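Me: I would like to learn how to read a structure feature by feature. Could we go through one together?

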Amino acid sequence: MRLGVLDVGSNTVHLLVVDAHPGARPLPAHSHKAELRLAQLLDPDGAIGADGVDRLISVVREALQAAEDKGVEDLLPFATSAVREAGNADEVLARVRAETGVELTVLTGADEARLTFLAARRWFGWSVGKLLVLDIGGGSLEIAYGIDEEPDAAVSLPLGAGRLTAGRLPGDPPDPDDVRALRRHVRTEIARTVGEFSRFGAPDHVVATSKTFKQLARLTGAARSAEGLYVQRELKRSSLESWVPRLAAMTTAERAELPGVSEGRANQLVAGALVAEAAMDLFGVETLEICPWALREGVILRRLDHMGHD
């Protein structure tokens, strides 16, 4: 059957259409994306402004039309941290439902971490042993660890690249004092959670998902996305460490010229790089591997598992 996942994220609204049945890997058939940057459209009270809600509704309508055009039989719509933490989340969800008929499921941070972990586990298989998964979104950072399909530990921290950029790095290029303060803040937040994971012992394999990690890997020499899903892509902490000060000294326009960096994400890359570097450092990770599957695939896999049992 043809399944669609509608992911209302903090940066983008993304419709992923896959051909799927239980026991088979989901094959991507179509992808439709709109940059919305909800994490940056919050008013001073932390609510999504009227303009943001209008834009969200029109983007959801477009995605619905695309899903219909592609013959999607079952649509799984969900929202992550930007909607979850908006001061007016209930109102936003009610308007989306009233004007588009779409009932968005709001995932908790722990759900996001668990579903992303499931996707990474299925991608790499059992042979990689104990898995540590890192995922930097627009609104939050998810960390999950375990040996099974359900992680032993899973946390979500408010350290998304969009959120941190909007709240803590106003300048272009950012002020060095702001960068230092953000670096301190990020490390303090991540360090608090390290103990939760270290009691399970060292992971056998560390992987990262998300656009931020993909862009950082590409900057430090990983293969381009055009070379396909199955090329192994790695990010080394030593290479990342040498890039962080360079990225911080550039303007958004200069970062957008770098290989693999999209214009829409260039302003968030400094915050994303600081979070990635801090996570790798505090968890003692020298090298991690980029996983092509993430939250959307996790949602699809979970749905297929339930179908298999129905």
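This is a predicted model: local features need pLDDT of at least 70, side-chain atom pairs count only at pLDDT 80 or more; totals for chains, interfaces and linings use all residues.

Me: How many bridges join S4 to S5, and do the two run parallel or antiparallel?

Reply: Two bridges join them, and the strands run parallel. To place the pair in the structure, find Ala-79, which stands opposite Val-106 in S5.

Me: Which strands pair with S7?

Reply: Take the two partners in turn. Strand S6 (residues 131-136) is joined to S7 by six bridges and runs antiparallel to it. Ile-136 of this pair stands opposite Leu-141 in S7, and a hairpin of four residues connects S6 to S7. Strand S8 (residues 153-157) also pairs with S7 in the antiparallel sense, over five bridges. Here Ile-143 stands opposite Val-155 in S8, and six residues lie between the two strands of the hairpin.

Me: Is strand S7 (residues 141-146) buried or exposed?

Reply: For burial, the cut-off is under 20% relative accessible area. Six of the six residues of S7 are buried, so the strand is largely enclosed by the rest of the structure. Both faces are covered. Leu-141, Ile-143 and Tyr-145 are buried on one side, and Glu-142, Ala-144 and Gly-146 are buried on the other.

Me: What is Leu-288 in contact with, leaving aside its neighbours within four places in sequence?

Reply: Its contacts are Leu-134, Val-206, Ala-208, Phe-213, Arg-233, Glu-234, Leu-235 and Met-280.

Me: Where is Gln-215 found, and is it buried or exposed?

Reply: Gln-215 is found in helix H7 (residues 211-219). Its relative accessible area is 2%, so Gln-215 counts as buried. Not counting residues up to four places away in sequence, Gln-215 touches Gly-260, Val-261, Ser-262, Arg-265 and Leu-269.

Me: Now a pocket. Which residues line the second largest pocket, and what is its volume?

Reply: A pocket is read from its volume, its lining and the elements that supply the lining. The second largest pocket has a volume of about 210 Å³. Its lining is made of Leu-75, Leu-76, Pro-77, Phe-78, Thr-105, Leu-107, Asp-111, Arg-114, Leu-115, Val-299, Arg-302 and Arg-303. By class, seven of these are nonpolar, one is polar and four are charged. Strand S4 (74-79), helix H4 (109-124) and helix H11 (295-309) each supply at least two lining residues. S4 gives the largest share, four residues.

Me: What should I look for in the backbone?

Reply: Most residues other than glycine have a negative phi, and most peptide bonds are trans. Here the peptide bond from Asp-172 to Pro-173 is cis, with omega near 0 degrees. Pro-173 lies in the loop between helix H5 (161-168) and helix H6 (176-198).

Me: What is the phi of Arg-37, and what is the phi of Ser-210?

Reply: Arg-37 is not a glycine, yet has a positive phi of about 55 degrees. Arg-37 sits in the loop between S3 and helix H1 (50-69), and is partly exposed at 26% relative accessible area. Ser-210, also not a glycine, has a positive phi of about 105 degrees. Ser-210 is in the loop between strand S9 (205-209) and H7, and counts as buried at 11% relative accessibility.

Conventions. Residues are numbered from 1 along each chain as its sequence is written. Side-chain values use heavy atoms; hydrogens and water are left out. Contact means heavy atoms within 4.5 Å. On a 1 Å grid over the protein atoms alone, a cavity is a set of points where a 1.4 Å probe fits but cannot get out, and a pocket is an open set with protein on both sides within 12 Å along at least five of seven lines; lining residues have an atom within 4 Å of a point. Grid points are joined across faces, edges and corners, and a volume is the space filled by probe spheres set on the points. Ala, Val, Leu, Ile, Met, Phe, Trp, Tyr, Cys and Pro count as nonpolar, Asp, Glu, Lys and Arg as charged, and the others, Gly among them, as polar. Two strands pair if DSSP finds at least two bridges between them. Buried means under 20% relative accessible area, exposed over 50%, partly exposed in between (1.4 Å probe, protein chains only).
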